[in-house]
Amino acid sequence: MKYSIKSTDNELIHGCRQSNRLAQKCLYERFFGKMFGIAMRYTTNQEEALDILNNSFLKVFTSLDKYEDNNNLAGWIAKIVFNTAIDFVRRNTKYRQVMDFNVENDSPVSNDSMDNLQVEDLYRLIQKLPAASRTVFNLYVIDGYKHKDISEMLEISVGTTVNDCRAICL
């Protein structure tokens with residue numbers, strides 16, 4: 001079978017499961033943009049994001065046999081990219097531990113100035129944050145995780161996640 005970017009997800013999955021290089025290339029190209037965006041949210045530069053993306057797709061290709069066809073291939077790949085990015089952050093980021101005995105419950109972030117930013121502007125600003133703060137911000141504000149979940153994911157205290165968000169969002 002000849003694979004192309006126009007091949008269906010099922011056709012590409014079938015080809016990738018048979019280690020067909022063209023099918024792998026087409027699958028990578030189909031999802032590159034969206035997945036690269038996920039990786040960029042957790043890195044400071046394109047090189048790191050590409051490293052995460054390439055590691056992610058290696059995982060995708062080696063574990064496609066575990067993928068159950070539920071018509072959500074993009075979501076399944078995104079979860080792999082997200083988890084690979086979090087692993088990258090854990091390995092490469094030092095968090096300052098904060099003890100905060102007055103930790104508040106999660107509350108929604110409301111900032112009128114964010115409504116006026118274009119997506120590209122927001123990504124540029126996020127990239128300028130220190131790695132630890134950027135990760136917590138992305139997980140809380142963009143991905144919608146609770147501070148308790150973030151602290152478990154990153155293996156840091158809840159107080160650290162809350163204080164990072166306070167420092168950025170206020």
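**Close-up 1. A cluster of aromatic rings.** In this predicted model, ring pairs join Tyr28, Phe32, Phe36, Phe57 and Phe61 into a cluster. By the rule used here, the count of aromatic pairs comes to seven. One of them brings together phenylalanine 32 and phenylalanine 36: the ring centres are 5.3 Å apart and the planes meet at 15 degrees, so this pair is stacked. Both residues belong to helix H2, four residues apart, which is about one turn of the helix.

Close-up 2. Which parts of the chain does the pair link? Tyrosine 42 sits in the loop between H2 and H3 and phenylalanine 82 in helix H4, so the pair links distant parts of the chain, 40 residues apart. Tyrosine 42 and phenylalanine 82 are both buried.

**Close-up 3. Alanine 85 in helix H4.** Follow helix H4 along to find alanine 85. Its relative accessibility is 0%, and alanine 85 therefore counts as buried. Leaving out residues up to four places away in sequence, alanine 85 touches Tyr42 and Ile52. Look also for alanine 49: its C-alpha atom is 8.2 Å from that of alanine 85, although 36 residues separate the two along the chain.

**Close-up 4. The largest nonpolar core.** This core holds 41 residues, and Met35 and Leu154 have the most contacts inside it. Helices H1 (9-17), H2 (21-41), H3 (46-63), H4 (73-92), H7 (131-142) and H8 (147-154) are the elements that each give two or more residues to the core. H4 provides the largest share, 11 residues. What does methionine 35 touch? Not counting residues up to four places away in sequence, the list is Leu53, Phe57, Ala74, Ile77, Ala78 and Val81.

**Close-up 5. Serine 151 and its surroundings.** Serine 151 is part of helix H8. With a relative accessible area of 8%, serine 151 is buried. Its side chain reaches the backbone oxygen of lysine 148 at 2.7 Å. Setting aside neighbours within four places in sequence, serine 151 is in contact with Ile156, Ser157, Val158 and Thr161.

**Close-up 6. Two loop residues with a positive phi.** Most residues other than glycine have a negative phi. Serine 19 is not a glycine, yet its phi is positive, about 60 degrees. Look for serine 19 in the loop between H1 and H2. Glutamate 155 likewise has a positive phi of about 60 degrees without being a glycine. Its place is in the loop between H8 and helix H9 (158-169). Is glutamate 155 buried or exposed? At 63% relative accessibility, glutamate 155 counts as exposed.

**Close-up 7. Stepping back to the chain.** The chain has nine helices and zero strands. Of its 170 residues, 41% count as buried. Among contacts with a separation of 6 or more, 62% come from residues 24 or more positions apart. The accessible surface comes to about 10200 Å², and 50% of that belongs to carbon and sulfur atoms.

Methods. Residues are numbered from 1 along each chain as its sequence is written. This is a predicted model: local features need pLDDT of at least 70, side-chain atom pairs count only at pLDDT 80 or more; totals for chains, interfaces and linings use all residues. Side-chain values use heavy atoms; hydrogens and water are left out. A nonpolar core is a set of buried Ala, Val, Leu, Ile, Met, Phe, Trp, Tyr and Cys residues joined through side-chain atoms within 4.5 Å. Buried means under 20% relative accessible area, exposed over 50%, partly exposed in between (1.4 Å probe, protein chains only). Contact means heavy atoms within 4.5 Å. Accessible areas come from the Shrake-Rupley method with a 1.4 Å probe; for residues, only the protein chains shown count as cover. A polar contact is a pair of N or O atoms within 3.5 Å; within protein, one must be able to donate a hydrogen and the other to accept it, and residues adjacent in sequence count only if both atoms are side-chain atoms. Rings of Phe, Tyr and Trp (its six-membered ring) pair if their centres lie within 6.5 Å; planes under 30 degrees apart count as stacked, over 60 as edge-to-face and the rest as tilted.
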